[in-house]
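Here is a short briefing on charged contacts and a pocket. Have the model open alongside as you read.

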Amino acid sequence: MTVNSIGVVGAGQMGNGIAHVMSLAGFDVVLNDISEDALKRAIDLISKNMDRQVSREKITQDERDQAMARIVITQDLPQVAQTDLIIEAATEQETIKQKIFDSLLPHLAENTILTSNTSSISITRLASRTDRPEKFMGFHFMNPVPVMQLVELIRGIATDKQTYETCLGVVEKLGKTAASAEDFPAFIVNRILMPMINEAVYTLYEGVGNVNSIDQSMKLGANHPMGPLELADFIGLDTCLAIMNVLHDGLADTKYRPCPLLTKYVEAGWLGRKTQRGFYDYRGETPVPTR
Ligand code: CAA
């Protein structure tokens, strides 16, 4: 199946990055959000990020202008439904995702492929509540989307070969690399990454190290581009906790129990960069460790 148009539901951190890379790769993009403000912020950010790519000579001004012209924004969800491939990138809550798919179903074109950018929710379960589980997949980008090379493609139990191959073709057109994952809690990246972040929080909780020494250790001792606590702030501590809970509930193994200190930060509303406070305080000029 040929994919020319992409519908992106949710214009937050992930949705705007997905619209960015899809439009640059030549796809027509319909970007949807319930919030007009979120759509305006997304377009501003995409434009700013593409301007930076032009100034670094990664893309030409002409490519930037053409890509921007390929993005249509809308608050009207049914407008997304006629695209060839839909990527749901809304908040990581199953009830919200469910509601979006329910609203899309009556308006979908016959061959439209439905996907979710979920980082941990069961693809098989989401698919089973639609009219096309065979045309449903996990299409999981990493943050920041324009920079990270990987896309995880997750097949639900019913996903057919044509759907997988079509999605693989889209990833290749983006110039990114796909990793194929089976549909088990948190798939591959987060199954490995989140327990590491959770362990870093335990290391802090038990006083083995402070925020600085833990992050320095992993940056300089294991060559990670960001320390695990800095990365947790970047991802969002609520998202990290939600994924740990999916692992804990889904695999029923105590090795995945979320660290009480992670829960405490989330309960305080200290969710990382997006709220300006997490394991670091971002309100000043340079981030200051909170422990
Ligand atoms: N959007 C677009 N471009 C961005 C960007 C963004 N949000 N952030 C950085 N960039 C670009 C910069 O413009 C720069 O481009 P050039 O090479 O053209 O100059 C390049 O990325 C490098 O950026 P910086 O020099 O500012 O900073 P850096 O070298 O410290 O890199 C980083 C920043 C790429 C974010 C790097 O720190 C990194 O790789 N961190 C780890 C990120 C990571 O692990 N992501 C996965 C999170 S897990 C996930 O996403 C899955 C999930 O479900 C939770």
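Let's start with a lysine: Lys97 is buried, with a relative accessible area of 1% (buried means under 20%, exposed over 50% and partly exposed in between, with a 1.4 Å probe and protein chains only). This is a predicted model, in which local features need pLDDT of at least 70 and side-chain atom pairs count only at pLDDT 80 or more, while totals for chains, interfaces and linings use all residues. Residues are numbered from 1 along each chain as its sequence is written, and side-chain values use heavy atoms, with hydrogens and water left out.

**A buried pair**
- Lys97 meets the side chain of Glu88 in a salt bridge, at 2.7 Å from N to O (a salt bridge is a side-chain nitrogen of Lys or Arg within 4 Å of a carboxyl oxygen of Asp or Glu).
- Glu88 is also buried, with a relative accessible area of 0%.
- Side chains of opposite charge can pair when their charged atoms come close.

**Partly exposed pairs**
- Arg125 forms a salt bridge with Glu94, and their closest N and O atoms are 2.8 Å apart.
- This pair links distant parts of the chain, 31 residues apart: Arg125 sits in helix α5 (residues 123-128) and Glu94 in helix α4 (residues 94-104) (helices are DSSP runs of H or I with at least four residues, numbered from the N terminus).
- Arg125 counts as partly exposed at 38% relative accessibility, and Glu94 is partly exposed at 22%.
- Within helix α2 (residues 36-55), Glu36 and Lys40 lie 4 residues apart, about one turn of the helix.
- Glu36 and Lys40 form a salt bridge with their closest N and O atoms 3.4 Å apart.
- Glu36 has a relative accessible area of 44% and Lys40 is at 47%, so Glu36 counts as partly exposed and so does Lys40.

**The overall count**
- The structure holds 12 salt bridges.

**The second largest pocket**
- The second largest pocket has a volume of about 250 Å³ (a pocket is an open set of points on a 1 Å grid over the protein atoms alone, where a 1.4 Å probe fits, with protein on both sides within 12 Å along at least five of seven lines; the volume is the space filled by probe spheres set on the points, which are joined across faces, edges and corners).
- Its lining has 16 residues, and the closest to the pocket centre are Ser122, Thr124, Asp183, Phe184 and Pro185 (lining residues have an atom within 4 Å of a point).
- Helices α5 and α10 (237-251) each supply at least two residues of this lining.
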